[in-house]
Amino acid sequence: MKKRLCELGLTDDIAKEFENFYEDGYLGRVIAEYKGLYRVATEEDDILAKVSGKIINTAIDKSSYPAVGDWVVIDRINRNTGNGVIHEVLNRRSAVSRKVAGKQMDQQIIASNIDTIFICMSANNDFNLRRLERYISIGWNSGATPVILLTKIDLCEDLYRIEREIEDIAIGIDILYVSSFTGKGIEEINKYLIPGKTIAVIGSSGVGKSTLINLLLGEERQQVNNIREDDHKGKHTTTHRELIVLKDKGIIIDTPGMREIQFLDDADGIEDSFHEIIDIAKGCKFSNCKHDKEPGCAVKAAIEAGTISKERLQSYNKLKREVSFMERKVDRKAKSESKKQLILKNKKLRENKKR
Ligand SMILES: Nc1nc2c(ncn2[C@@H]2O[C@H](COP(=O)(O)OP(=O)(O)OP(=O)(O)O)[C@@H](O)[C@H]2O)c(=O)[nH]1
Ligand SMILES: [Mg+2]
Ligand SMILES: [Zn+2]
């Protein structure tokens, strides 16, 4: 197999998909995304590329466009002749995505074909358990394995309390406690850095994602915020997603901090991150129990018994409400759009079959 593409995470599976379907074109991986332009790494070179007219014309939504981490078919492997053209996006094996509410509901791919997601949250005053729950549900949704990285532990005075709190909500997830400043916990990260495997680093702005990546890289490659901690609020230092190959340590994707407002999780992710509530709810008398005032509610009983916290249930209910609100909104939009999309989708399927 190709050496450089292997360093970029090429698997037999992807090589096979590429060979079965395409006779023209070359295989590459999207390593950065700018406005309307992508940087694609190929066996020979990194090329700037646009998407083909066909991709634009058959796009169903944002997620039909290439994203960082995607394996794509491109028309050249070196930059001898201007910008390249991306003709196809291979099936995504996994993807971190979020629903974005703009003019219309849209699915945005943050990073694709990833094996592990580092969910970063700082252990200082920004620590927020409810936000962490949201990130975890995005994590489970992706199809990759979420790992929690509690960052900046040098700034934390009561790590013990935070540890207890996280362990309660992050059932079945590895938790690492790190500081890029003191180097504490950084060793532990190594076991996740595996050649050919891709890690996406997500988390709010300013939690130290890029600082950590620079430390793992051993060079100051990613720009980090150098202003004093308190002045930094609200600014995004990393402005675009970028895939970086760590020598012999796999592949890592840096992302700009997400704004909370854009968290619109999928129902599935919520079910995964609150599975202890779902389990307990199986014991409720009514199958459609809202765990509010219904008699025979097992969840309420569990709260009284102290098995789960009241806040945890509130946060679960809140997320569920948001999701159903959004689904209704999307539903209305989808109805008017669905016919058009179905036609396009069928057309795309037919074209793929023909190849
Ligand atoms: N005390 C302390 N500060 C840190 C640590 N890691 C990063 N910082 C500081 O936190 C600030 C933000 O770090 P960045 O790496 O730019 O954060 P980011 O998550 O990449 O932020 P965005 O790119 O905006 O999403 C910088 O001032 C860093 O110096 C740490 O382990 N301890
Ligand atoms: Mg950054
Ligand atoms: Zn109930």
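## The whole chain

Buried residues make up 47% of the 355 residues in the protein chain, where buried means under 20% relative accessible area, exposed over 50%, and partly exposed in between (1.4 Å probe, protein chains only). This is a predicted model, in which local features need pLDDT of at least 70 and side-chain atom pairs count only at pLDDT 80 or more, while totals for chains, interfaces and linings use all residues. Residues are numbered from 1 along each chain as its sequence is written, chains are lettered from A and ligands numbered from 1 in the order in which they are written, and side-chain values use heavy atoms, with hydrogens and water left out.

Colour by secondary structure, and the protein chain shows 11 helices and 13 strands. Helices (H or I, at least four residues) and strands (E, at least two) are DSSP runs, numbered from the N terminus. Among contacts in the protein chain with a separation of 6 or more, 66% are between residues 24 or more positions apart; contact means heavy atoms within 4.5 Å.

## Ligand 1

Now select ligand 1 and the residues around it. There are 24 of them, and D154, S205, T211, N225 and T238 come nearest; a residue counts as near if one of its heavy atoms lies within 4 Å. By class, this shell holds six nonpolar, 13 polar and five charged residues. Here Ala, Val, Leu, Ile, Met, Phe, Trp, Tyr, Cys and Pro count as nonpolar, Asp, Glu, Lys and Arg as charged, and the others, Gly among them, as polar.

Which polar contacts can you pick out here, at D154, for example? A polar side-chain atom of D154 is 2.8 Å from a nitrogen atom of ligand 1. At S205, an N or O atom of the side chain lies 2.5 Å from an oxygen atom of the ligand. F181 takes part through its backbone, with an N or O atom 3.4 Å from an oxygen atom of ligand 1. A polar contact is a pair of N or O atoms within 3.5 Å; within protein, one must be able to donate a hydrogen and the other to accept it, and residues adjacent in sequence count only if both atoms are side-chain atoms. Taken alone, ligand 1 exposes 660 Å², and the protein buries 95% of that.

Next, select α7 (209-217). Its buried residues are K209, S210, L212, I213, N214 and L216. Show what covers them: the list includes β8 (116-122), β9 (145-151), α6 (186-189), β11 (198-203), β12 and β13 (251-254). Following α7 comes G218, with a positive phi near 75°.

Move on to R221, in the loop between α7 and β12 (242-245). R221 counts as partly exposed because its relative accessibility is 39%. Not counting residues up to four places away in sequence, R221 touches N214, E242 and I244. From R221 to I244, the C-alpha distance is 9.7 Å, across 23 residues of sequence.

## Salt bridges

A salt bridge is a side-chain nitrogen of Lys or Arg within 4 Å of a carboxyl oxygen of Asp or Glu, and the count by this rule is 16.

Select D13 and R93, whose side chains meet in a salt bridge at 3.0 Å, N to O. The pair links distant parts of the chain, with D13 in helix α2 (residues 12-21) and R93 in the loop between β5 (84-89) and β6 (95-101), 80 residues apart.

Then select R312 and E276, whose salt bridge has an N to O distance of 2.6 Å. R312 sits in helix α11 (residues 310-354) and E276 in helix α9 (residues 275-281), 36 residues apart. Is this pair buried or exposed? Both R312 and E276 are buried.

## Last stop: T42

Finish at T42, in the loop between β2 (37-41) and β3 (46-51). T42 counts as buried because its relative accessible area is 0%. Leaving out residues up to four places away in sequence, its contacts include R4, L27, I47 and R76.

Methods: Accessible areas come from the Shrake-Rupley method with a 1.4 Å probe; for residues, only the protein chains shown count as cover.
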